[in-house]
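Hi everyone, thanks for coming. Let me put the structure up, and then I'll walk you through a few of its details.

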Amino acid sequence: MGLHIVVCIKQTPATSNIQIDPVTGTLKREGMVSAINPFDEYAIEEAVRLKERVAGSTVSVLTMGPPQAEESLRDAVARGADQAFHLTSRAFAGADTWATSYTLSKGIQKIIKEKGPVHLVICGKQTNDGDTGHVGPGIATWLGWPDVAYVKKVEAVDEQKIVVHRMMEDGVDVLEMDLPAVIAVLKEINTPRVASLKGKMNAKKVVIPQWNEEAIEADKKCIGLGGSPTIVSKSFNPPPRKGGIKLDGATPQEKAKALVDKLQEHKLI
Amino acid sequence: MNYFLTEEQQAIVETAREIAEKKIKPVREKHDAEETFPWDVVEEMRKADLFGVYFHPNYGGLGGAGFELVLVVEELSKMCGGIALALAATALGTFPIILFGTPDQKKKWLPDLASGRRLGAFAITEPEAGSDATATRCQAKKDGDFYVLNGIKNFCSNGESAEIYTVFATTDPKRGARGVTAFVVEKGTPGFTFGKKETKMGIRASSTYELVFDNCRVPASNVLGKEGYGLFVAQATFDISRPGVAAQALGIGTGAMNEALAYARVRRQFGQSVLSFQSTQHMAADMATTLEAARALLYSVTRAMDVDMKAAVDASEASGKTVYEELKKVSSGRWTKYSAMVKLFCSDTALNVANNAIQMCGGIGYMRDFPVEKYLRDAKICQIYEGTNQIQRNEIGMMLTKELAAKGL
């Protein structure tokens, strides 16, 4: 029987150095090469590994994005996913994390309707452009499913439950959840493989359904810019960090003394 | 240079390059220094389907032939010729099965070799039988439905790591060359063990072992071709496998040049980049020119061979006859001369280039914490194995003489 795993991915600029247009306050996308959000590569790899662990499993990949985001879905199939679904419509544009997670949850419900039950949804920890980490837990909330974010290891999984390790600042939590559930994974969870040749051939052939707001029966008040409660009042590139003070001294002792003097001067020690 | 690769061949190159960059580069120094077999990389190559590029789809392959194998081996060898050998030596062990395997033999062994689940190896060399394979002493005595093997083979690449071995043993020592027979022997067969692990100048990530046969009973159904046809099997195998060694050499040479140019460009002496000196540029020009000539020869020969090979493989799948039988029908002639030429030219070129790459880098090029000296150590074997370059010249010379004789000259 196996698991049906849905991986939610996003096509983002292929860099971690995102520039913001100071006039409009939006991300500058012109001339940017796009790729699968790096954190989502770990989500895809983990889904494929779970597929290999649990016989008879299937991996579906889902994205919301403009027509060119189909490239990232094909890339995910090359990396081992079996099928892909594309939520695309002008009406989805400008969505914040609330509207995005709503739209993806409706996409997952549509997948369930068309393809049967989904056991597990896997997201990357966050995207490299938005950086919020909201979407995974948001999807779980919309679906009414349990979720764990910051997962660094899947210890055990079957069709009923999953045991995961969550990385915390002060250690690791080992958590068990009933399925269906959502997890958001860290880059520590695995090292993604190189896309296989057979995967690349599948990726060329795979037929990817495109679903708009009607197809997923979305409430139009909850999607796109209009459905997004977040208002961007201002956004900016943080000013580059200024150079610090260089403490001179002939010996390490002198340098240490200069440092202690400085810290005392600022009443830090 | 545009070699007009198909979309699939381009994907093969990109995949092999990504494996080389992401999975081989970080570990090549460790496997070389510690002389450990690169199982970590083998697993990545399996997952990426690289082992299957030259197999027929009936065995889970991607339907390519020698050229696809050459593309993979070249890309991997640009990073590490030793690690690339895990795949290339598997191909050498596999070709006899592809060429001479019956439908049952092919079904039994090719799927695991195509997926990389099991590695292959080829064992012909013995202490007294190097270039002269007619001096084979390892014996195979018929006993009912079995042959009993006794003796040793040495210098076996992928030894101990591989599970499927093509082994050459004599079934009739009196008959010399016509007494040798090829067998498939699986790891784990009682009486088949591993002796000395060799320590080598280069390709240290590759395991080179002595194979020991002590009353090892091999089913008669594991004979490839017929009894006494072993050296035909070996020669026909070398005809199509030598481009694999050539590709390894070409990759090593190209990798050495890439490292040397990158260093010479940033290295400054007398106030200028070392690459800006004319003496350095001439050295670089000779490297690039000879490598490109080697590549052009290798690619054109392999592609021409593949026209016959693919036709023969397809015909064999339909007829149930061996690929070798079908090859004799479609082929205009044997490939011995051209496969010897590519092996000879690519490996001589690689050694020159790797040698000059060290020279271009100066002292740092000689140091083991810089990647260039390893290329020279790895390049050297390409002039020796699968027939020394002296044997290649013999074969080319012999073929030229035969061609003249055929013209009545």
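Let's begin at a strand pairing: B:Asp143 has B:Phe146 as its bridge partner in β3(B). Before I go on, this is a predicted model, where local features need pLDDT of at least 70, side-chain atom pairs count only at pLDDT 80 or more, and totals for chains, interfaces and linings use all residues. Residues are numbered from 1 along each chain as its sequence is written, chains are lettered from A and ligands numbered from 1 in the order in which they are written, and side-chain values use heavy atoms, leaving out hydrogens and water.

Back to the strands, which are DSSP runs of E with at least two residues, while helices are runs of H or I with at least four, both numbered from the N terminus. Strand β2 (residues 139-143) of chain B pairs with strand β3 (residues 146-157) of chain B in the antiparallel sense, over five bridges; pairing takes at least two DSSP bridges. Two residues lie between the strands of this hairpin, and B:Gly144 has a positive phi near 65 degrees. On to β7 (residues 208-219) of chain B, which pairs antiparallel with β3(B) over nine bridges. There, B:Val148 sits opposite B:Arg217.

Now, which residues touch the most other members of the largest nonpolar core? They are B:Leu50, B:Leu76 and B:Leu149, in a core of 131 residues. A core here means buried Ala, Val, Leu, Ile, Met, Phe, Trp, Tyr and Cys residues joined through side-chain atoms within 4.5 Å, with buried meaning under 20% relative accessible area (1.4 Å probe, protein chains only). Helix α7(B) gives the largest share, 17 residues. Thanks, everyone!

Note on methods: Buried means under 20% relative accessible area, exposed over 50%, partly exposed in between (1.4 Å probe, protein chains only).
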